[in-house]
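I opened this entry to record what I looked up in the model. The notes follow in the order in which I took them.

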Amino acid sequence: MPKTTPSPPDRSSFPGLPSTRRAAGAGALLALAVALLAVLPLAGCGGGGDVLVLYSPHGRDLLSLFEETYEASHPGIDVRWLDMGSQEVYDRVRSERANPQADVWFGGPATIFARGAEEGLLAAYRPAWAEAVDADSVGPHDLYFPAYRTAPVILFNDEAVPRDEAPRDWDDLLAPRWRDEILIRDPLASGTLRTFFGMIVARSVTRTGTPDEGFDWLARFDVQTKEYVINPALMIEKLNRQEGLVTVWELTDALWQRKRGAPLDFVFPTSGTPIIVDSIGLVAGAPHAERARQFIDWVGSREAQLLAAREVLRIPARNDLPRDELPEWARRVLDEIVPADFDRDLVEQFGADWMRTWDREIRGRGADRLAARGDSG
C-alpha cells in the first residue's frame, strides 16, 4: 500500500485524571511552513498593555491558561503568544536573530535549546527557582532552564486495539501486525520525535560504534509507517477515525486526549522512554527583556508549576514540590515511567545531522535501504 502525504479509554490505570508516505520534499515543506508562520498573528487578548511575546509549542490550553492567569496577577501586561512545533520555534527564532520579535522561548526539548544556545539565540538569565531543578538539566551559562518533564509513549486506538494486545516496547512496533497501521507526526517539525529517533541512533552508536544499526531500525520503522502527518491535531484525528491505529507521541498530549474522552490509550515502553526536559529561555535581544525575566520567574514558581500540573497535565521540573500536592495522575506517572538509558550528549551533538540523514536517505526509502543491505525488513 503506498504511503500518503498529509492531507472510551481505560482510565483505571491513571486514577485522578480529570474527566471532561510520505511527505516528498519535506525540507521544502518545513521551510514553507516556517515562512507561513512568519505572517500569522500572535494570539492574546490584545489589550494594549505592556506587551510580552512568547513563542511556544505548548498548545492553546496551557498558553491561554497562562495568559489569563499571568495577566490577572500582573495588571498592565499583555501576553501574546504563537503556538507552533518546537522545531518551528527554533527555526523562527533563528530567522529573526537580526531583529528579534519574541521575548521568551517557552518549551521544547533541551536538545533543541542547546542548538539555540550554541548559535547565540538565547541570553543568560538565572531565575529565582534555579536551585529547585536538576543542575544537569540547566543549559550552559544559564542560557535555559527546565520547566517541565515529559516523554514519548506508545499511543493507540483502544476501540480497535485491546490494551493487552497493544505494543509493549519499541521493537514491538516492527511486528507485521502494525504494518501500515502506524501514523507519525512529521519528525522534522517535532521535538518529541527527534528525541525518540535520537535515542534509537545513540543506542546504536554506544553498542556498535556506528549509527548504522539505528538507521536500520528507523528504516524498518519507515516500512511500517502509513503516513507522516503534518501536524499533531490531524494525526490525533486520524487515530480517532482508525485511519491508523498506533503512534509514538508525547505523554502530555496523550493524557490530554484521554481527558477529552478520545478513544485512545497509551503504554510506557518496557525498555524505557527518553525523558524530555522541556525548557524555557530568554530570547537574545528580546524587545521586552525585563518583562520576559519576570515571566520566566513566574513559570517556575510553585504556584505556576502546580497550576500547570492540575489544569493542563504538565509534570513539573521542580524537585521540591510535596508529593501530596501533585495530582494523582502525576504521582502515578512518576512511579510507573522507566527512564531510558542513552547518551544524551551524542544526541545533542549529532542529532541534527542524524535527522538530515533520516530525511534524505530513509524517509519513504526504508525498504530500499534494507534491500541494499540484504535485509528484507
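I began with His141, which counts as exposed because its relative accessibility is 69%; exposed means over 50% relative accessible area, buried under 20%, and partly exposed in between, with a 1.4 Å probe and protein chains only. His141 has a positive phi of about 60° and is not a glycine. I placed His141 in the loop between E5 and E6. Helices (H or I, at least four residues) and strands (E, at least two) are DSSP runs, numbered from the N terminus.

I then looked at Leu313, another non-glycine with a positive phi of about 60°. Leu313 sits in the loop between helix H10 (302-312) and strand E13 (315-316). Leu313 is buried, with a relative accessible area of 0%.

**Source and confidence**

This is a predicted model, in which local features need pLDDT of at least 70 and side-chain atom pairs count only at pLDDT 80 or more, while totals for chains, interfaces and linings use all residues. Residues are numbered from 1 along each chain as its sequence is written, and side-chain values use heavy atoms, with hydrogens and water left out.

I noted a mean pLDDT (the predictor's confidence in each residue, from 0 to 100) of 89 for the protein chain, with 87% of its residues at 70 or more. Residues 1-39 have pLDDT below 50, and beyond near neighbours in sequence this stretch has 103 contacts in the model; a contact means heavy atoms within 4.5 Å. Where pLDDT is low, predicted coordinates should not be read in detail.

**Helix H6**

I checked the length of H6 (residues 212-224): at 1.5 Å a residue its 13 residues should span 18 Å, and the end C-alpha atoms are 19 Å apart, which agrees. The expected span is 1.5 Å times one less than the number of residues. Because 10 of the 13 residues are buried, H6 is largely enclosed by the rest of the structure. The buried residues include Phe215, Trp217, Leu218 and Phe221, as well as Asp216 and Asp222. Among the elements that cover them I listed strand E8 (182-185), helix H5 (191-208), strand E9 (225-229) and helix H12 (344-362).

**Helix H4**

H4 is mostly covered, with 7 of its 9 residues buried. Arg115 is one of the buried residues, as are Ile112 and Phe113. The cover over H4 includes helix H3 (86-95), strand E4 (104-109), H5, E12 and H12. Just after H4, Gly120 takes a positive phi of about 75°.

**Cavity and pocket**

On a 1 Å grid over the protein atoms alone, a cavity is a set of points where a 1.4 Å probe fits but cannot get out; a pocket is an open set with protein on both sides within 12 Å along at least five of seven lines, and lining residues have an atom within 4 Å of a point. A volume is the space filled by probe spheres set on the points, which are joined across faces, edges and corners.

I found about 40 Å³ in the largest cavity. Tyr125, Asp142, Phe145 and Ile296 are among its lining residues. Strand E12 (residues 276-283) gives the largest share of that lining, 3 residues.

The second largest pocket holds about 630 Å³. Of its 31 lining residues, Ser137, Ile275, Ile276, Val277 and Arg344 are the closest to its centre. H4, E12, H12, strand E6 (145-150) and helix H11 (328-336) each supply at least two lining residues.
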